[in-house]
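These are my notebook entries on a structure that was new to me. I wrote down what I looked up, in the order in which I looked.

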Amino acid sequence: MADIRIHRKHRLGLTRARELAAQWAEQAERQFGLQCTLIEGKTADTVEFQRPGATGRLTVGADHVDVNAQLGFLLGAFGASIEAEIEKTLDALLAKSDKPARAAAAKKAGVKKAARR
């Protein structure tokens, strides 16, 4: 069995992190054939996922995302590439979700966005 553990910090806050969890679940169902269940909590949401040969959960809080997955014997042989694909997907969602937060913070701080040339 192979274990995958991924931790990412973010500045999205809980509301936007919840949106990210739902987006991740939808994408994971399409891309990896996972069955996902979203469980909402007071301070964090959890997406439990499974498919033959793999189980795990993604947990989002106001300032972090954690992915913990266990791969069975057959999928374990592909553990490194599966982990890399999960990281790529998660990092892309975080980057996409963080853009409006950075723009709002810059606006609040009085920073103007430079025009592209």
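**Entry 1: after the helix.** I began at Gly33, which follows H1 and has a positive phi, near 70°. Before going on I noted that this is a predicted model, in which local features need pLDDT of at least 70 and side-chain atom pairs count only at pLDDT 80 or more, while totals for chains, interfaces and linings use all residues. I also noted that residues are numbered from 1 along each chain as its sequence is written, and that side-chain values use heavy atoms, with hydrogens and water left out.

**Entry 2: the overall plan.** I took helices (H or I, at least four residues) and strands (E, at least two) as DSSP runs, numbered from the N terminus. On that basis the protein has three helices and five strands, and from the N terminus on its elements run β-α-β-β-β-β-α-α. I looked up burial as well, where buried means under 20% relative accessible area, exposed over 50%, and partly exposed lies in between (1.4 Å probe, protein chains only). Of the 117 residues of the protein, 32% count as buried.

**Entry 3: the sheet.** I counted two strands as paired if DSSP finds at least two bridges between them. The five strands make an open sheet in the order S1-S5-S4-S3-S2, with antiparallel pairing. Its edge strands are S1 and S2 (35–40), each of which pairs on one side only. Neighbouring strands of this sheet are turned by 10° against each other on average, direction ignored; for such angles, axes are lines fitted to C-alpha atoms, for helices over the stretch in contact, and angles run from 0 to 180 degrees between N-to-C directions.

**Entry 4: strand by strand.** I then followed the pairings one at a time. S2 and S3 run antiparallel and are joined by six bridges, with Ile39 standing opposite Thr46 in S3, and the two strands form a hairpin with three residues between them. S3 and S4 pair in the antiparallel sense over eight bridges, and here Val47 stands opposite Leu58 in S4. Their hairpin has two residues between the strands, and in it Gly53 takes a positive phi near 90°. S4 and S5 are antiparallel too, with seven bridges, and a hairpin joins them through two residues. Across this pair I found Arg57 opposite Asn68 in S5 and Ala54 opposite Leu71 in S5. Six of the eight residues of S4 are buried, so this strand is largely enclosed by the rest of the structure.

**Entry 5: helix H1.** I turned back to H1, which has 20 residues and reaches 27 Å from its first C-alpha to its last, close to the 28 Å expected at 1.5 Å a residue; the expected span is 1.5 Å times one less than the number of residues. Which residues of H1 are buried? They are Leu14, Ala17, Leu20, Ala21, Trp24, Ala25 and Ala28. These residues cover an arc of only 145° around the axis, which puts them on the same side of H1, the arc being that of the directions from the helix axis to the C-beta atoms. The face turned away from this buried side carries the exposed residues Thr15 and Arg30. H1 lies across S2, S3, S4 and S5, running at about 160° to S4.

**Entry 6: the core.** I looked next at the nonpolar core, a set of buried Ala, Val, Leu, Ile, Met, Phe, Trp, Tyr and Cys residues joined through side-chain atoms within 4.5 Å. The largest such core has 25 residues, of which Leu20, Trp24, Leu58 and Leu90 touch the most other members. At least two residues each come from S1 (2–9), H1 (13–32), S3 (44–51), S4 (54–61), S5 (64–71) and H3 (79–108). H1 gives the most to this core, with six residues.

**Entry 7: two residues and their contacts.** I used contact in the sense of heavy atoms within 4.5 Å. Not counting residues up to four places away in sequence, Leu90 touches Ile6, Arg8, Leu20, Trp24, Leu58, Val65 and Val67. Thr89 has its place in helix H3 and, at 6% relative accessibility, counts as buried. With that exclusion of residues up to four places away in sequence, Thr89 touches Trp24, Gln27, Gln31 and Phe32.
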